[in-house]
Each structure stands twice: as C-alpha cells, then as structure tokens.
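Please look over the structure shown here before reading on. The paragraphs that follow lead through it part by part.

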Amino acid sequence: AWSPADHALEAERALSTARRRGPQAAAPATTPHAELRAASLREYAELHAQIRAGAAPKRYIVVKPCCQLCNRVRVLVSAIALGVLTKRAVLMNFEEDYYGSFKGLFASPLEISPAGIPAGPTRVLPWLDVMEKFVCETPHEWSEDTVVVQGAPGFLHAIWLNPSLRGEFEAKFGPTDDGLFADIFWALTPPQPHILRQAQNFVAKVASEGGGGGGRGENGTFVVALHVRNGRDFRSKKLTDSEWGRLADCAGALPTARARNLGRVRYVVATESEGGQTLARNALGADLVRVFAPALPKGKEGSVSQEGAERSLAELLVLSMCDATVLTPMSSFSEVAAALARRPGLYFHFDRSRKFHYESAVEAVAGCLVPWTYEMPGSMNLHLLLDKASCGAEVRRRDATMWSHPTGLRFLDGTVAFPDALAEKVSTY
C-alpha cells in the first residue's frame, strides 16, 4: 500500500509525462545518443545492401509476421535492432496475409523481401516461447545462416536486457533503450511522404482551432487523441455509455489548466466504427471532437485494401503527433503510437481482470493508468520469466530499470498489484 499523499504526487508526475508541449516530432528527436544511433543505422543499411548483393556473409533474420499493421511494424523494428547487433539482414514478407504493400506504406532504404534467399541451416524462434530466448541466449553464437522469428512480438526491451548483447547494444545505440523504437522507425521504415503529410496537415488544422493559432506553446490549442479498440483480446464487450463518460474524465485530465481555461482543447478520436465516434461526441462534446477521416466500408474495396492500410498508418502518425493520448491496453496500435510519440499514454483499464502489458504503472485518473515508459512492452509477466530464467539474476544485477525491477500497478485506493495477479487470463506473451 502507499499513502494518498504519495499517490497524489505520483499521479501528477504521471500526467505530466503523458503530456507534450512543443514542436510535433516527425523525425528522430535530438537525444544524447541521436548521432550514434543515426550512424549505426546508416552503417546497417549499407551492410544490409551488401548482404543482399552477396558482398557480405549471407546471414539473415527472417520474420514470419502475423496480424495487422502495428504487429508487423513492432516486430520488424525489433528485428532490425537485433540485425544491427548480430550483423544479419532482416527480411520479411510484409504482404503475407496482409492487404498493405510495404513499399506503398514505407520509404525504406532496406530491401526486406525474402524472395530469392537460398535455403540453409535455420534456427526457428516460436512466438510464444521467444522472450526468454531473446533475454538469455547468446545471439552472436547462433551458427545457422537464417534465424526465423515467428509471429509479432515486440522485443526491443528483451535484447536490451540480454547480458550477452549489452556491450554491443551500448556501442551501437547508447546506454539506454529510450526512444530507440522511434529512432529505428524514422531512420529505416519512414512512412511514404504523402502519408506523413496527410497526418501532419490534419494535426496542424486541428491545432489551429480554438484561437491558439496552431502553435504548440502554452497558449496553443491542446490536442488529445483517443484510440479506443473494443472486442477480441481487448474487451469482451463494447464500452458502455457510462464507461465512455469515464473515458472522457481521463481525457479531460490531460490538457493543461491554461488550455482548458482558454477553451483551447480538441479531441481526436480513433475508433473502429461510426457508433464509437457518436459515443465519443456525446461524452466529450460534439463541437470538440475531430475524426481523421470517415470510416471506410468493410471489405476489400475499403478497410482491407491498400487505401485501408495507408489510412491506418496515417491515423497512427496522427495519434503520435498529438499532445497527449488515451490508449487501449494490449493494443499494438496504441503501444506503437506511444513509442513513436516518445511519451507514455494514459491507458483506460476499467476491468482489472483484463490483461495489461505493463508491469509498472500509476493510476493517474480513476480507471486510467500511465506506464513508467513509452517503449514497447512485450510481456505482462516479465518478472515471473526472470524469476525462472537462467540469466534472471544477472539481468537484474546489470539493469536498474523497471523492466527488471517492476513496481506493479499502483491504484488510487492505495493497493499495488502485478497485472498477472489480477488478470483472468495470463500468457507468456
């Protein structure tokens, strides 16, 4: 348990980290390690081309992806980081069981198609068993020509924790994983310019409303984005009207007091349906809610077409460019948006028995939690994995972050619990 005074201070700190004021980032931020990372990623792009041309040893990481856009993006970015550290070219059939073209979405310098790659000795890393391998094994000693990563895990944090990779990691990326997902994304998988412009223009237009002049200073319009994903793994039922009211309370806590007082607040809502947009307008105020674009019709002529894939990527960028976000737990779309924003989101978590990826978070507003980091989580029970893993003690000795020393979910009522102890369903991923 923790005291109300402790929680009030932590809640305000958490909300502060979830806000951004200042220029919107659409490129790698200036960080102490930006130049090092940029140089390492340029070198990797050159090595990747040499491997593809047969001018360097033919060693590969082949990703066998699944699911939708952000599942593919997060595993691709993670695999690229591992490729940098192990000098392997990352390949991926991005279009396998997916309707969006990689080259139509991204202006990447990497040729990632696995077509024409000769068969050879292969090591397979299955999705649900992979996290301990990334944390504990020694990837430099994998002798096979090809390493196959199945599924769509986000594992940047896992290779950051790996004791055998730490030296190379720091040499290539610096002594922290902060911001690395976004740095790799913008350097090696940047969106096609027309998609980026769509997102930038939309956010700029919304930010110009309310008399703020489109600025991002203290007097500018504060833009809150909400990504609300219902159904399947995220919720067994749709959000009720009362829960939309709670969601509005969470979103309303994010703008600065000055923006609220000046009436310079707007809400950008990303949902899967017109019905969800209507509920959002009812809860937040129809005059304050904006939607990036009308929902496309279902099917191959709409939502599951190249246009649908480009719409999804543009909407992802919009979320990342807003001043603050309310996000859906366990959604890769939400988690990628937070990582690209370099700012943790405020995740609604009204049903504590549902799964929650982060093992350290503060309930800043009733029912909504801010995680300790914006970087991609990979397991809701990493602490249990480390308890059992052969390298667990060494990982914890080397690492002082909440990846390996989590504090649990800290609630307004003074209780603290780990998500795996609350959830009805717990999985290794």
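Is R398 buried, partly exposed or exposed? R398 has a relative accessible area of 41%, which makes it partly exposed. This value, like the others in this text, is computed from a predicted model.

R398 can be taken together with its partner. The side chains of R398 and E394 form a salt bridge, with 3.1 Å from N to O. Both residues belong to helix α16, where they lie four residues apart, about one turn of the helix. E394 also forms a salt bridge with R397, and here the closest N and O atoms are 4.0 Å apart. E394 and R397 are three residues apart in helix α16, which covers residues 392–398, so about one helical turn separates them. An α-helix has 3.6 residues a turn, so residues three or four places apart point the same way. The accessibilities of the residues in this group can be set side by side. E394 counts as partly exposed because its relative accessibility is 32%. R397, with a relative accessible area of 63%, is exposed. R398, as stated above, is partly exposed at 41%.

In total, the structure has 16 salt bridges. One of them links R352 to D413, with the closest N and O atoms 3.8 Å apart. D413 is exposed, its relative accessible area being 52%. Side chains of opposite charge can pair when their charged atoms come close.

The next element is helix α12, which spans residues 274–284. Its buried residues are G276, Q277, A280 and L284. Viewed down the axis of α12, these buried residues fall within an arc of 100°, so they line one face of the helix. What do the buried residues of α12 pack against? Their partners are the strands β5 (222–228), β6 (265–271) and β7 (289–290), together with helix α10 (241–252). After α12 comes G285, which has a positive phi, near 110°.

Positive phi values also occur in residues other than glycine. M330 has a phi near 70° and is not a glycine. M330 is placed in the loop between β8 (324–327) and α14 (332–341), and with a relative accessible area of 13% this residue is buried. R342 is not a glycine either, yet has a positive phi of about 55°. The loop that holds R342 runs between α14 and β9. Is R342 buried or exposed? At 15% relative accessibility, R342 counts as buried.

Another loop residue is P191, found between α8 (180–188) and α9 (193–207). P191 counts as buried, since its relative accessibility is 5%. Which residues does P191 contact, leaving aside its neighbours within four places in sequence? P191 is in contact with L105, F106, A107, F185, W186, L313 and L317. For one of these, L105, the C-alpha atom is separated from that of P191 by 5.8 Å, although the two residues are 86 residues apart along the chain.

The last topic is the empty space inside the model. Rolling a probe the size of a water molecule over the atoms shows where empty space is left. How many cavities of 30 Å³ or more does the structure hold? There are three cavities of 30 Å³ or more. The largest cavity has a volume of about 80 Å³. Its lining is made up of H157, H357, Y358, E359, S360, W372, P377, S379, L382, M402 and W403. Sorted by class, the lining of the largest cavity has six nonpolar, four polar and one charged residues.

Note on methods:
Residues numbered from 1 in each chain as written. Heavy atoms only, no water. Buried < 20%, exposed > 50% of the residue type's maximum accessible area, 1.4 Å probe, protein only. Helix = DSSP H or I, 4+ residues; strand = E, 2+ residues; numbered from the N terminus. Arc of directions from axis to C-beta. Contact = heavy atoms within 4.5 Å. 1 Å grid on protein atoms, 1.4 Å probe; cavity = no way out; pocket = protein on both sides within 12 Å on 5 of 7 lines; lining within 4 Å. Points joined across faces, edges and corners; volume = space filled by probe spheres on them. Nonpolar A, V, L, I, M, F, W, Y, C, P; charged D, E, K, R; others polar.
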